[in-house]
Amino acid sequence: MSARSKQTPPEAAPSHGDLPRRVLKFGGTSVTGASRVDVIARVVRDRMERTRPVVVVSAMSGVTETLRRASELATRGEAGELLREIETRHRQAVADVTGGRPEVVEAVERLLAEASRLMQGIELVGECSPRTLDQVLSLGERLSMHLIAGGLCARGINTRAVDAADVVVTDDHHVEAEVDFPATEERALAVLGPNGSVPVVTGFLGATKTGDRTTLGKGGSDYSAAVLGWALRADEVEIWTDVPGVMTADPRVVPDARPLRNLGFNEVLELSHWGAKVVHPKTVRPCRDRGIPLSIRNTLSPDDPGTLVTPRAPASTMGPIRGIASIDRVGLLQLNGVGHGTESITSRFVQALDQARSTVLLLSQGCSERSVCVALTPQSVRPALRAVEKAFELERRVGLMDDPTVEDECAIVAVVGEGMKDQPGIAGKVFGVLGEKGISIRAIAQGSSELNISFVVRREDAHDAVRAIHAAFFPTEPSARPVAAEAAAQQESPAPRSGPLDVVELATELIAIPSLSGHEHAVTDFVLDLLTAHGWKVRTQPVSAGRVNLWATRGTGEVTLSTHLDTVPHFFPPRREGGKLYGRGACDAKGIAAAMICAAQSLAEAGEERVDLLLVVGEELRSDGARAAASLPATSRWLVNGEPTESKLVSASKGSLRVVLRTRGQEAHSAYPELGRSAVEAMVALLADLRTLDLPTDRLLGDTTMNVGTIRGGSAANVFAGECEVEAMIRLVGDAQQVKDRITQLVGDRAELEWGSHIPTQRFHTLDGFETTTVAYTSDVPILAAWGTPLMFGPGSIHHAHTEEEHVSLQDLKSAVTTYERIVRAVLAS
Ligand code: ADP
Ligand code: ASP
Ligand code: MG
């Protein structure tokens, strides 16, 4: 069943109160230039139809780095040129992006003047403290915030600029501050609450409890987005950048790197930790903690699906490894010797590094404990060397240990993939490839999680190493598959089997493939391959941005079995427990899809070729899949639609109707009732009267019900409210017009009425010998009228759909296969 969308088709009046939050982060390249701001506006407008978005922005490309360099040069009074560069770029951008909106010009000029003052201050004292540096660095995002908020306003979107210093609370560790999550959550809920405008928030920035500005570390805007997503319990965090998602390698290093459609949180964490800067490594944890899907999308190609990151991604068809990353500048510090005393060399070595506050990226130790070495960030190398020399001074003097050695100009290369632990010989292949290329390895480490193999090479060899490993694991020779299937082959989905179908196995496989509405590619690819392998003729119907519906036939369809393949958030993987199959989509609707596929297959094997399968996308969102399918040249006379109906045939379902009511008052001081008139009081009285209204009842479906979902209005307790607005949704049991008429009559001129989307009440065909029921929810069925007389049936209960405990009983799942077969035979015989 659909969550909100079926109740919010595009033509509906926008409803905000019940919509989830969504965080959209636009990186440096994505905020640079008017055409990119057009894209941002398009994306934001689209998300506003089904979520309440929060936009997070980075500084324009290169600005943070320019500010950093300017602050260094300012100590010698030489920042002028860079300052001019920043001024010119932003003045130009205000003109390009906002058409020179006066309020944006003013805000930008104020910040540019602040930049100039800060540089003068640095020059005066001759140094730039970390605290001052944070003030300087904050300017990039603050400038961007005004540009984008103004640019979106100019494109008709109501926005407000929000400085993250008012939202993100941090410690006082300037330049690399730590976030205080509870304090930030409280502020985010207060500051970013819905008030009708889209907040445009600065990424990368925070402030201490006392209001001192801080920054979150290089590339930290991704982290800001995750922190805000966490605080607002967003339904998804989207990172918009200049590549088609997370790729098998940095495309600047490996030109034929490929985008990855699905990844697990752990895999992204590893890839980003080892240098894939497409997302900041800190981004993962907040999302993972609250099970918030993370997607990486491309502003250059906004309709591409990008990469979807969820707790566990389906296994890759591209092999056991997901990607290769590198950290291109590290130093190697090595210590050899036998030591003395009881404490191990390694532990004393690590203690010394700790004392020097060095950042250790990789540690490798010989098993004899005679040799230990670490890869460090370049800044850590000298302090670490001094600390280690000091710690082992005694042994060095008596010749038990050698002097520690340093090798600068090294790099770390890491091979990452969840699938590596199940497959032996990966390390052998990696090192074999490097041997062939003559690349020498300075140190090796394998993560105990077996998610990565990482090693140190000389810096000049790093990119050759990445390219050689990529070529070995992701060969480019054309595959044996036909061209149309090529794209599918590059995606991530388990290989389908062509043997006999088992409904529980199939349901489990379908659940394991995340397929949030809008991200159904992997699951439709899987089903396409599966049905093709079983002899079905499958047509793919484009819906949007490469998303497709699947229509499978064997002959001329007279009965169509149909359900959807998308799910609501949040993904959770399949598990079997106590005779039940749990997982997102278990009952709504992947269990159903599996049962329909098995039933259709079994009928086909028995020679019945008049059954079609129609599997649509987008049902949980805006029914865009069903709307597209409505125009296909369907041949069937009967449509069996699947939704969780507790294994009963549905005789009727309620319809729905949305309405907005608006009262207007006269604002005045509340101490003088004679001067004003309260819109809120008027609304309260009207709602009470509406409750007494006699609305239709139906023998089967029961009462018409109405839910006042949101109320907005008033500005303060001591002011008569000028306006009040209510969004309500009515569950219909019959004709909508009758309900509209009665409400219109009662309301009269006491309020304005704005009717929203209407989904009609639906009657279904029923069959003798089947238990029947009614349902109060709506489905895709009214849209699919062209597919034949509707019936509705499915295993599982709507009470479990969309919950964290979504499940279907294995017994019900198995009997659904035979029931679908019985239904098909019964209608064909009628
Ligand atoms: P933004 O300014 O949008 O935050 P970044 O420059 O921080 O963008 O990150 C995007 C860049 O990350 C890409 O242009 C790409 O060169 C680089 N990158 C490194 N490794 C990868 C990878 N594995 N997949 C995709 N992009 C990668
Ligand atoms: N502008 C900041 C930086 O370049 C943060 C970001 O872009 O993510 O580090
Ligand atoms: Mg970035």
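Set aside the neighbours within four places in sequence, and Ile469 still touches Ile324, Val413, Val415, Val430, Val433, Leu434 and Phe455. Keep in mind that this is a predicted model.

**Nonpolar cores**

- Ile469 belongs to the largest nonpolar core, which has 128 residues.
- Along with Leu192, Leu228 and Ile412, Ile469 is among the residues with the most contacts inside that core.
- Helix 5, spanning residues 130-154, hands this core its largest share, 10 residues.
- There's also a second, separate core of 56 residues, with Val523, Leu767, Leu813 and Val827 among them.
- As background, nonpolar side chains tend to be buried together in soluble globular proteins.

**Aromatic pairs**

- Searching the whole structure turns up 5 aromatic pairs.
- One of them joins Phe181 and Trp230: the ring centres are 4.9 Å apart and the planes sit at 80°, so this one is edge-to-face.
- That pair links distant parts of the chain, as Phe181 is in helix 6 (residues 181-191) and Trp230 is in helix 7 (residues 221-232), 49 residues apart.
- Phe181 counts as partly exposed because its relative accessibility is 22%, and the cut-off for buried is under 20%.
- Trp230, with a relative accessible area of 12%, is buried.
- Phe793 and Tyr820 make another edge-to-face pair, because their planes are at 85° with the ring centres 5.3 Å apart.
- Phe793 comes from the loop between strand 33 (789-792) and strand 34 (807-809), while Tyr820 is in helix 22 (residues 810-829), so the pair ties together parts 27 residues apart in sequence.
- Phe793 and Tyr820 are both buried.

**Cavities**

- The count is 3 cavities of 30 Å³ or more.
- The largest cavity has a volume of about 60 Å³.
- Around the largest cavity you'll find Arg261, Asn262, Pro305, Gly306, Leu308, Pro514, His519, His521 and Ala522.
- Sorted by class, that lining has 4 nonpolar, 4 polar and 1 charged residues.
- The second largest cavity holds about 40 Å³ of space.
- Its lining is made up of Ser562, Thr563, His564, Val616, Glu619, Asn641, Gly642, Glu643, Asp780 and Leu784.
- Strand 19 (residues 559-564) gives the most to the lining of the second largest cavity, at 3 residues.
- By class, the lining of the second largest cavity splits into 2 nonpolar, 5 polar and 3 charged residues.

Technical notes: Residues are numbered from 1 along each chain as its sequence is written. Chains are lettered from A and ligands numbered from 1 in the order in which they are written. This is a predicted model: local features need pLDDT of at least 70, side-chain atom pairs count only at pLDDT 80 or more; totals for chains, interfaces and linings use all residues. Side-chain values use heavy atoms; hydrogens and water are left out. On a 1 Å grid over the protein atoms alone, a cavity is a set of points where a 1.4 Å probe fits but cannot get out, and a pocket is an open set with protein on both sides within 12 Å along at least five of seven lines; lining residues have an atom within 4 Å of a point. Grid points are joined across faces, edges and corners, and a volume is the space filled by probe spheres set on the points. Ala, Val, Leu, Ile, Met, Phe, Trp, Tyr, Cys and Pro count as nonpolar, Asp, Glu, Lys and Arg as charged, and the others, Gly among them, as polar. Helices (H or I, at least four residues) and strands (E, at least two) are DSSP runs, numbered from the N terminus. A nonpolar core is a set of buried Ala, Val, Leu, Ile, Met, Phe, Trp, Tyr and Cys residues joined through side-chain atoms within 4.5 Å. Buried means under 20% relative accessible area, exposed over 50%, partly exposed in between (1.4 Å probe, protein chains only). Contact means heavy atoms within 4.5 Å. Rings of Phe, Tyr and Trp (its six-membered ring) pair if their centres lie within 6.5 Å; planes under 30 degrees apart count as stacked, over 60 as edge-to-face and the rest as tilted.
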